[in-house]
Every structure is written in C-alpha cells, then in structure tokens.
Amino acid sequence: MAPKLPPLRFVRSVLKSFMAESGLEPRLLGPHIRVTNAVAGKVDFELDITKDHTNRLKIIHGGTIASMVDLGGSLAVASMGVYATGVSTDLNVTYLSGGGKVGDKISGSAVCDKMGKTLAYTSVTFRNAKGELAARGSHTKYVTQAWKAQETPFIPPEGAHVEEDE
C-alpha cells in the first residue's frame with residue numbers, strides 16, 4: 001500500500017493525474033497552472049495567462065475561468081483525501097472584474113464547503129494581478145463512487161502518479 005500523503009502532496013498528485021489522463025486540462029492549462037498550497041478543505045492555485053487562455057479582446061476567456069472552477073472544485077474535493085474526485089452535477093461562474101491579460105497571473109482559492117457521502121459542494125474565488133476579486137464560482141460534485149474507491153483518505157491508488165517531495 002502506498003504511504004499516506006500530506007494534503008499538498010496528495011492534491012499535487014491528483015493534479016498530475018489530471019494532466020496525464022484528462023483531455024482538457026493538459027491542453028488548456030498545461031504547465032501554466034500550479035498548486036501553491038493545500039490543506040484539508042482548501043487549495044490555492046495560480047495560472048500564468050498565455051494567449052491560449054484569452055478571448056478576442058486579449059483578456060482571459062470566461063471559459064478558461066469556468067474550466068478552472070471545475071478543476072479547482074475537484075482539487076478541493078481531493079484536499080479532503082479523495083483521489084477520484086467524482087463527477088460534476090452543477091457548475092456556476094460569476095465574472096466580477098477583468099481577470100487579466102497575457103503575461104498576468106490569476107490566483108484561485110478553492111474550498112470544499114461541505115463533503116457528504118453523495119455530494120460535495122465547493123466554492124472557488126479568483127483574484128487578478130491587482131488583487132481584485134475577478135470571478136467566483138461554485139461546483140457541486142457527485143462523490144459516492146469516489147468514496148467507494150478510497151479505502152483510506154490521502155492514500156493514492158496503486159499505480160497513481162504521485163508528486164515527488166519538494
């Protein structure tokens with residue numbers, strides 16, 4: 001059995017799995033997104049904005065932010081010790097001010113507001129390079145199967161992509 005990991009290393013391992021196994025995240029976000037901190041129930045991350053993340057106005061695209069609400073919510077669930085983070089049942093985004101342009105960094109903070117046996121409720125906020133609240137989102141996930149797959153919290157499954165120690 002793999003060792004129990006601290007939340008930061010566990011969440012980074014889940015992100016590594018998204019980048020290795022998913023179709024969307026590695027193409028849209030790729031090496032430009034990183035988890036900067038994780039504790040049980042909360043994950044902080046940031047994205048270096050490139051042209052691939054922008055719309056025709058040359059600012060970060062709302063779809064990029066929506067995708068980060070999805071990923072951020074999943075990582076918030078992972079921060080509770082669940083490697084398979086469930087499937088989306090609801091996702092909402094509210095855009096409040098400009099998120100940034102190419103060369104800027106947008107910071108996100110994802111919180112697992114409630115984790116039940118069936119559903120997990122998460123909220124994600126984004127701040128632009130000026131520190132202004134740029135967007136906020138919520139993401140609800142069906143987690144019943146994720147719980148069934150997780151024998152012990154914070155222990156990745158056999159063969160999982162485990163993030164190296166720093």
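User: Hey, where does Phe154 lie?
Analyst: Phe154 sits in the segment after helix H4 (144-149). Helices here are DSSP runs of H or I with at least four residues, strands are runs of E with at least two, and both are numbered from the N terminus. This is a predicted model, where local features need pLDDT of at least 70, side-chain atom pairs count only at pLDDT 80 or more, and totals for chains, interfaces and linings use all residues. Residues are numbered from 1 along each chain as its sequence is written, and side-chain values use heavy atoms, with hydrogens and water left out.

User: Is Phe154 buried or exposed?
Analyst: Phe154 counts as buried, because its relative accessibility is 11%. Buried means under 20% relative accessible area, exposed over 50%, and partly exposed in between (1.4 Å probe, protein chains only).

User: What about its phi, the one for Phe154?
Analyst: Positive, about 70°, although Phe154 is not a glycine. Most residues other than glycine have a negative phi.

User: And what is the phi of Lys58?
Analyst: Lys58 also isn't a glycine, and its phi is positive at about 70°. You'll find Lys58 in the loop between strand E2 (42-48) and helix H3 (62-78). Lys58 counts as exposed because its relative accessibility is 60%.

User: Switching to the sheet: in what order do the strands come?
Analyst: The order is E1-E2-E4-E5-E6-E3, six strands in an open sheet with antiparallel pairing. Two strands pair if DSSP finds at least two bridges between them.

User: Which strands stand at the edges?
Analyst: Strand E1 (33-39) and strand E3 (87-95); each has a single partner strand, so one side of each has no neighbour in the sheet. From one strand to the next, the twist averages 20°.

User: How many bridges join E2 to E4?
Analyst: Seven, with E2 and strand E4 (residues 105-115) running antiparallel. Leu47, for instance, has Ile106 in E4 as its bridge partner.

User: Which strands does H3 lie across?
Analyst: H3 lies across E1, E2, E3, E4, strand E5 (119-127) and strand E6 (133-142), at about 130° to E3. Contact means heavy atoms within 4.5 Å. Axes are lines fitted to C-alpha atoms, for helices over the stretch in contact, and angles run from 0 to 180 degrees between N-to-C directions.

User: And H1, which strands does that lie across?
Analyst: Helix H1 (residues 7-21) lies across E1 and E2, running at about 150° to E1.

User: Last one: where is Leu24?
Analyst: Leu24 is in helix H2 (residues 24-28), and is partly exposed at 46% relative accessible area. The C-alpha atoms of Leu24 and Ser67 are separated by 8.7 Å, with the two residues 43 apart along the chain.
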